[in-house]
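Hi,

Here is the structure I promised to pass on. My notes on it follow below.

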Amino acid sequence: MDFSVNDDVRAFVIQNFMFGQGAQLTDDESFLEAGIIDSTGVLELVGFLETKFGIVVADDDLVPANLDSVVRVARFVERKMKERSRIAG
Amino acid sequence: MQVEQFLEESARRSPDKTALVCGGRRMTYAEIDTEANRMARGLIRAGVRRGDRVAICLENSTEAVVSIFATLKAGAVFMVVNPTTKADKLAFIANNSRATALVTDSRHRTVVNEIADCTPHTSVVVIAGRETEVNANGKHSLAFGDLIGPGEDGSKPANPSIDIDLAALIYTSGSTGTPKGVMLTHLNVVSAATSITTYLDSRADDVVLNVLPLSFDYGLYQVLMTFKVGATLILERSFTYPHAVLETLVAERATGFPIVPTISALLLQIDLGKYDLTSLRYITNTAAALPTTHIVELRARLPRVSLFSMYGLTECKRVSYLPPDQIDIRPASVGRGMPNEEVYIVDDQGNRLPSGVGELVIRGANVMKGYWELPEETARRLRPGPLPGEKVLYSGDVFRMDEEGYLYFVGRKDDIIKSRGEKVSPREVENVLYELSAVAEAAVVGVADDVLGQAVKAVITLRDGASLSEQDVLRHCSQRLENFMVPKVVEFRTTMPKTSTGKIDKKTLHMTAAG
């Protein structure tokens with residue numbers, strides 16, 4: 001696991017959806033269950049991932065398996081970045 | 001007719017039909033009816049009596065659905081409370097309604113513990129989920145799973161309620177800043193559900209996909225109306241992951257999809273062409289009017305789907321709907337009164353107007369019984385109707401009515417903000433802002449927003465030498481208010497516009513705070 005991706009995602013979520021107060025947010029906590037994120041929030045998160053990591057998120061990617069916790073987002077971003085480098089390489 | 005009979009009749013007619021698909025579980029009508037019977041018996045045994053209030057503070061879940069019907073079967077009155085409600089407001093609702101029981105889940109255990117000492121009327125706490133231990137200070141604490149377990153008698157308990165008894169209390173924001181409980185009888189709910197299912201032409205082979213919270217009456221009625229016609233409800237937590245919801249819509253061959261403008265905004269960002277939406281018969285919209293651009297685009301992308309624009313308020317559930325064949329002709333209208341209901345506009349003296357601009361008045365069996373223990377506020381909204389003893393509802397909403405009787409929303413008579421279709425009391429938000437010691441003056445206004453209808457905006461001046469960031473304000477608000485009440489924008493000013501009497505001049509603020 002790339003810790004910088006993890007940390008960046010975590011920081012973004014805390015900053016934007018928890019108004020800076022997310023010390024108790026665990027990396028595998030479901031955003032949905034915890035009521036942290038709504039549908040507009042998901043799109044903001046996607047916008048952040050695309051800009052920050054240069055990946056392209058398709059509509060089909062908008063599922064809880066990819067986006068519903070810090071650790072899931074980090075894994076998803078890493079997978080996307082690998083795919084991108086494969087295509088580029 | 002009683003509301004619980006929606007479930008009981010469907011369970012009798014088609015016991016093995018799938019009634020509810022939620023959280024990976026598929027439940028038949030017979031299963032829900034049995035679980036609700038068991039829970040009703042458990043509630044009665046724990047001391048819930050006819051007419052008692054039961055607060056249900058749960059996410060969209062099978063437990064929430066079962067709890068609603070169990071409460072009714074016990075002859076009691078259900079109150080679905082937004083699961084993002086904070087401890088002090090939940091305590092207020094429990095105390096104001098003198099709720100006998102609170103049904104919630106393990107996520108809310110800390111809240112339950114926090115309010116245990118200050119909610120003396122609430123003697124029963126039911127906890128759904130895995131960890132059901134609560135420190136409920138002498139309260140009767142029950143695990144949801146035990147209540148509906150096979151050890152309990154699954155037959156229907158005796159219930160002497162009649163249709164003029166209360167079925168539900170729905171708390172809504174008032175202009176004073178204190179929430180008011182809208183009293184709805186069984187007759188109110190059955191009448192509204194009958195009118196709506198009539199114009200939607202709801203049928204037993206419908207499959208309705210609901211992503212709206214059950215604490216919002218638009219979401220709640222999806223359960224009630226689906227069960228009334230014996231159809232199937234796909235109950236989702238939210239529209240947070242649109243692709244996942246759309247996949248479910250396709251897989252379940254959903255025929256009905258109730259939305260609000262925030263959802264249509266997302267739908268229009270997605271390539272809908274790759275989903276097989278051929279099963280979809282209708283989409284309904286209410287809460288805020290759909291922006292005309294959304295209507296045009298949705299119609300272009302889903303030409304075979306009937307699109308219903310609607311308008312309502314908790315006090316009578318639904319007011320109007322625009323027949324789908326009119327939507328291309330008058331997209332800005334929210335239509336006319338629904339079946340078995342009369343709507344008209346009046347001038348400031350209460351005289352009925354043939355057309356033009358005035359306050360909307362609603363007459364029908366769907367009109368609420370009043371606000372819980374608030375006779376003065378009730379008298380302001382419910383005024384004498386044409387027949388002896390009859391009450392009609394003065395909505396507080398100003399509409400323009402054209403010559404053909406079609407309605408167009410103009411604004412509110414009071415300063416209540418309507419955001420995402422939920423009422424937000426500026427006073428309630430201002431009270432929370434004043435809790436911040438750095439705040440000298442605070443005023444909350446609604447600003448036009450294409451998607452939300454109105455967005456909540458906070459205008460603040462600070463005490464000399466004090467500092468506060470937008471994020472500080474939003475964090476505080478999110479800890480103290482339900483999600484939909486948290487301001488979308490905060491503006492800091494050095495001075496506040498004042499009236500001649502020295503009060504904050506909201507009118508001027510409205511004009512200068514837009515955008």
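Let's start with Leu169(B): setting aside neighbours within four places in sequence, Leu169(B) is in contact with Arg53(B), Val77(B), Met79(B), Ser97(B), Gly181(B), Val182(B), Met183(B) and Trp372(B). Contact here is C-beta atoms, placed from the backbone, within 7 Å. Bear in mind that this is a predicted model: local features need pLDDT of at least 70, side-chain atom pairs count only at pLDDT 80 or more, and totals for chains, interfaces and linings use all residues. Residues are numbered from 1 along each chain as its sequence is written, with chains lettered from A and ligands numbered from 1 in the order written.

Leu169(B) also belongs to the largest nonpolar core, which has 178 residues; Val54(B), Ala55(B), Ile56(B), Met79(B), Leu169(B) and Leu224(B) touch the most other members. (A core is a set of buried Ala, Val, Leu, Ile, Met, Phe, Trp, Tyr and Cys residues joined through C-beta atoms within 7 Å; buried is 20 or more other C-beta atoms within 10 Å of a residue's own, with C-beta atoms placed from the backbone.)

Next, helix H7 (residues 186–199) of chain B. Helices are DSSP runs of H or I, at least four residues, and strands are runs of E, at least two, numbered from the N terminus. Ten of the 14 residues of H7(B) are buried, including His186(B) and Ile196(B). Strand S8 (166–172), strand S9 (180–185) and helix H8 (217–229) of chain B are among what covers them. After H7(B) comes Asp201(B), with a positive phi near 55°.

Finally, the contact between the chains takes 17 residues from chain B and 16 from chain A. On chain B's side, H14(B) gives the most, with four residues.

Cheers

Note on methods: Two residues are in contact if their C-beta atoms, placed from the backbone, lie within 7 Å. The expected span of a helix is 1.5 Å times one less than its number of residues. A residue is buried if 20 or more other C-beta atoms lie within 10 Å of its own, exposed if 12 or fewer, and partly exposed in between; C-beta atoms are placed from the backbone.
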